[in-house]
Amino acid sequence: MEQIFDSYAVGEAWDEMILPDGNPREHCAELHKVMSEMSRAEFEERCAERDRSFLDRGVTFSLSGEERPFPLDPVPRIISAAEWAVIEAGVVQRVRTLELFLEDVYGKGQVIGDGIIPRNLVFNSSLYKRQAFGISPPNGVRIHVAGIDVVRDQWGELRVLEDNVRTPSGVSYVLENRRAMTRIFPELLSSRPVRQVEDYPRHLLDALRSAAPVRAGSAPVVVVLTPGIHNSAYFEHSFLARRMGVELVEGRDLVCRNNVVYMRTTGGERRVDVVYRRVDDDFLDPVFFREDSVIGCPGILNAARAGNVTIASAVGNGVADDKLTYTYVPDLIRYYLGEEPVLKNVTTYRPEDPDQLNHILARLGELVVKPVNASGGYGIVIGPQSRETELAIAAENLRARPRDFIVQELVTLSTAPTMAGSKFEPRHIDLRPFAVNSGDRIHVLPGGLTRVAMRPGSLIVNSSQGGGSKDTWVASEEICSAEPSAEHPISEAHFPGLDQAPPPHHGAIEIEVAQMQQQQQLRLAPACDGGRRC
Amino acid sequence: MLSRIAESLFWMGRYLERADDTARILDVELHRFLEGPGLDQGPVIRGLLGALGVDEVAASRTSVYEVVGRLSFDAALPGSIISSVTYARENGRGIRESISSELWECVNVTYHSVGAISARADSMGPHDYFSFARMVRERAALASGIAETTMPRDEGWSFFTLGRSIERVDMTVRLIGLAEVVRGSRRDWMATLRSCSALEAYLRSYGGAVEGSKVLEFLLLDRLFPRSVHFSLSAAEAALAEIAPSAGRIGTTGEAQRAIGRAKAAIELREIGEILDSLPEILILIESACSSASTALARRFFRGAGLESWRHEDVRGKAHA
């Protein structure tokens with residue numbers, strides 16, 4: 001029988017599951033075996049089931065206005081426990097660093113004074129918000145949620161591609177993907193122990209609560225602020241609100257008076273302590289930012305400054321995940337923590353520096369140009385995949401506005417077997433681990449979102465560009481046993497059997513009754529038939 | 001109303017609810033088992049069988065899938081989904097003229113669909129059990145909705161809802177017991193809440209923290225959630241009051257009322273801490289109260305419906321003579 005991995009050809013990129021000789025990597029061996037035993041027809045059937053289930057449940061992503069089932073590839077991506085430990089440490093290190101950086105640049109500015117990062121790079125960034133200067137968050141946390149994008153280059157080394165410390169999205173799909181995989185491909189999941197992702201909303205809620213102003217007491221009111229149902233990540237906003245058991249509000253549901261934020265409820269106005277906002281800075285508060293914004297809450301920033309509400313993540317975080325700041329993160333790690341970076345950056349050039357610009361222009365055809373102030377994969381020029389005219393335009397832009405771009409060495413992202421039509425083909429992938437900072441502790445969700453570039457050879461994984469995703473498994477070392485918890489002693493509550501109705505046809509009497517009833521029918525039957533025949 | 005019809009309505013209500021609840025338990029336990037990192041099979045199996053009151057000597061040697069398969073399709077196993085659906089339909093069949101044809105059809109179609117699925121149970125993978133459980137839950141909800149919109153609110157309706165409520169109490173208590181047995185982490189409580197469709201309602205009222213004591217408080221005592229023990233006991237009480245209104249001024253009239261009242265008092269008037277201290281005893285107490293209520297109802301309202309009792313005495317009498 002033809003197997004599903006037959007004809008799978010590993011290319012130049014590092015493949016996450018298959019070695020160049022065609023055998024699976026050690027940590028993927030069990031999964032590979034289980035999948036090899038399934039037929040293509042079965043995979044296709046299950047995939048159809050997966051799409052139906054996503055559509056039924058409304059797990060969709062809107063792509064150019066069209067609602068589609070979230071694209072989950074049936075082949076999971078496995079990260080070994082040892083490698084995960086590295087990623088986790090690297091993510092925590094970056095989040096700690098960027099927290100310190102934000103505290104610094106919205107306060108004393110020592111990092112600038114010490115000459116680690118240029119003054120104009122920070123203060124000229126459109127993502128630096130002077131309006132947030134001097135606001136000190138209650139528990140010191142500005143980055144409540146971070147998504148640090150990690151890729152693997154062709155030599156197998158993990159590198160950070162990008163930091164997202166504003167409102168990284170995708171975590172709801174991590175949970176939904178796991179749920180779908182558990183239900184639709186149970187065989188795969190039972191092939192090996194995998195660390196769970198289910199309790200992410202609890203960690204997030206803990207982090208948001210611990211960020212509340214002190215006066216909110218032990219039960220702060222947390223809300224999720226969404227731009228509304230037309231936002232492409234609306235599913236995620238409602239998912240998180242539902243799973244945290246908090247209200248999902250739109251800007252028009254909030255009102256700010258005397259520097260206090262309230263939500264309008266049927267029982268009157270209710271004070272809000274923490275706003276987990278999924279609205280960008282520019283739209284958050286028309287008093288300070290875009291005054292035409294109709295999706296924000298006028299006055300919320302003043303309320304935050306007065307210490308009456310916590311905005312999570314904080315206003316002005318963008319300066320820390322600015323693509324230019326990214327180039328300085330390794331230095332910032334050494335500066336703030338006195339540590340070497342656990343995860344390296346992708347080699348990056350700054351066109352602002354004239355020497356570097358010349359180097360860039362000479363090698364433009366091999367490099368990647370990224371606009372500094374854009375996300376979602378928009379505006380990226382990948383040298384080897386671009387036409388001469390596109391490169392010429394890029395070169396012109398670089399000369400005219402060097403501050404607006406960074407240029408990186410091309411990383412051939414690692415690949416993983418991905419369902420393409422009816423067979424597996426290598427597709428490029430990245431990884432977005434999510435970290436939640438509660439102040440005392442940075443919790444990294446085991447795994448994160450693996451995004452897949454669905455077109456052959458493409459390196460653009462963003463879902464806004466038609467990318468897919470994979471359930472991401474972090475191999476678990478521990479076996480979860482059903483040990484009694486300390487809270488209560490275990491009790492073997494063995495219940496008596498279920499009540500049963502007097503059995504309608506088992507007792508001797510019932511059989512007798514049934515027989516008599518049947519005899520009646522038998523006796524009557526011929527007469528009936530006869531009657532009809534006449 | 002004829003005793004026989006009242007009894008059938010009562011049991012149809014119970015079996016439909018039982019099929020629904022069993023499907024919920026299987027779905028959640030299977031999911032939990034799959035998702036847990038290498039969870040031990042033994043406790044899961046013991047928990048399932050213990051909760052459903054199935055004595056199983058060979059439990060340790062079977063797999064979770066096998067147990068789930070039997071609890072779905074083993075027609076000889078009381079409490080399996082197929083036997084609950086079969087009995088619900090048996091009871092409905094005898095009273096077709098007294099229930100709406102839509103309700104009968106719904107129950108009948110469910111019976112045939114479950115039978116058809118059961119015929120190919122051997123080739124079913126674990127993933128098929130999820131769609132099966134979902135189908136059972138949806139069919140039960142459909143039956144419940146049809147009953148709601150087509151049955152006159154007469155005595156028959158009261159017997160039907162009484163059966164459904166008593167069964168819901170019984171099964172919810174077992175489910176809580178199950179969580180007690182296989183509990184290890186916070187996640188087990190989430191599974192328990194899910195199996196009662198209560199996760200979101202719980203999160204909204206308790207705001208996020210899934211803690212054992214709060215979950216128990218919610219599932220036992222919440223006055224607004226329709227699957228909580230308290231809510232279902234109140235529903236049973238209301239149905240009983242319709243069937244047999246108190247005649248006098250003193251106390252409660254019927255034995256069934258007293259049993260339900262005892263169950264309610266066991267949780268309603270206690271601090272949650274006190275309940276937790278003796279949870280297993282309280283769960284068993286509520287369960288046996290349901291059982292006594294059911295027996296009391298049979299004695300008072302259904303006697304003579306099953307020919308069994310008097311014929312037995314009759315036969316024995318003759319033999320002695």
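## Confidence in the model

pLDDT is the predictor's confidence in each residue, on a scale from 0 to 100. Contact, another term used here, means heavy atoms within 4.5 Å. Chain A as a whole averages a pLDDT of 87, and 90% of its residues score at least 70.

This is a predicted model, in which local features need pLDDT of at least 70 and side-chain atom pairs count only at pLDDT 80 or more, while totals for chains, interfaces and linings use all residues. Residues are numbered from 1 along each chain as its sequence is written, chains are lettered from A and ligands numbered from 1 in the order in which they are written, and side-chain values use heavy atoms, leaving out hydrogens and water.

## A strand covered on both faces

Helices (H or I, at least four residues) and strands (E, at least two) are DSSP runs, numbered from the N terminus. Two strands pair if DSSP finds at least two bridges between them. Strands of a sheet pair through backbone hydrogen bonds, either parallel or antiparallel.

Let's start with strand S11 of chain A, residues 274-277. Parallel to S11(A) runs strand S6 (residues 222-225) of chain A, joined to it by 4 bridges. Strand S12 (residues 310-312) of chain A is also parallel to S11(A), with 3 bridges. A:Val274 is the bridge partner of A:Val222, and in S12(A) A:Val274 has A:Thr310 as its bridge partner.

Are the two faces of S11(A) covered or uncovered? Both are covered: A:Val274 and A:Tyr276 on one side, and A:Val275 and A:Arg277 on the other, are all buried (buried means under 20% relative accessible area, exposed over 50%, and partly exposed in between, with a 1.4 Å probe and protein chains only).

## An open sheet of five strands

Chain A also has an open sheet of 5 strands with mixed pairing, in the order S13-S5-S4-S20-S21. Its edge strands are S13 (344-345) and S21 (442-444), each pairing on one side only. Strand S5 (residues 158-164) of chain A runs parallel to S13(A), and 2 bridges join them. Here A:Arg159 stands opposite A:Lys344.

Helix H8 (residues 200-210) of chain A packs on this sheet, touching strands S4 (145-152), S20 (434-437) and S21 of chain A. The direction of this helix makes about 35 degrees with that of S20(A) (axes are lines fitted to C-alpha atoms, for helices over the stretch in contact, and angles run from 0 to 180 degrees between N-to-C directions).

Most residues other than glycine have a negative phi, and most peptide bonds are trans. A:Asn258, which is not a glycine, has a positive phi of about 45 degrees. A:Asn258 sits in the loop between strands S8 (254-257) and S9 (260-265) of chain A, and is exposed, with a relative accessible area of 71%.

Elsewhere, a cis peptide bond joins A:Ala312 and A:Ser313, with omega about -10 degrees. A:Ser313 is found in the loop between S12 and helix H12 (318-321) of chain A.
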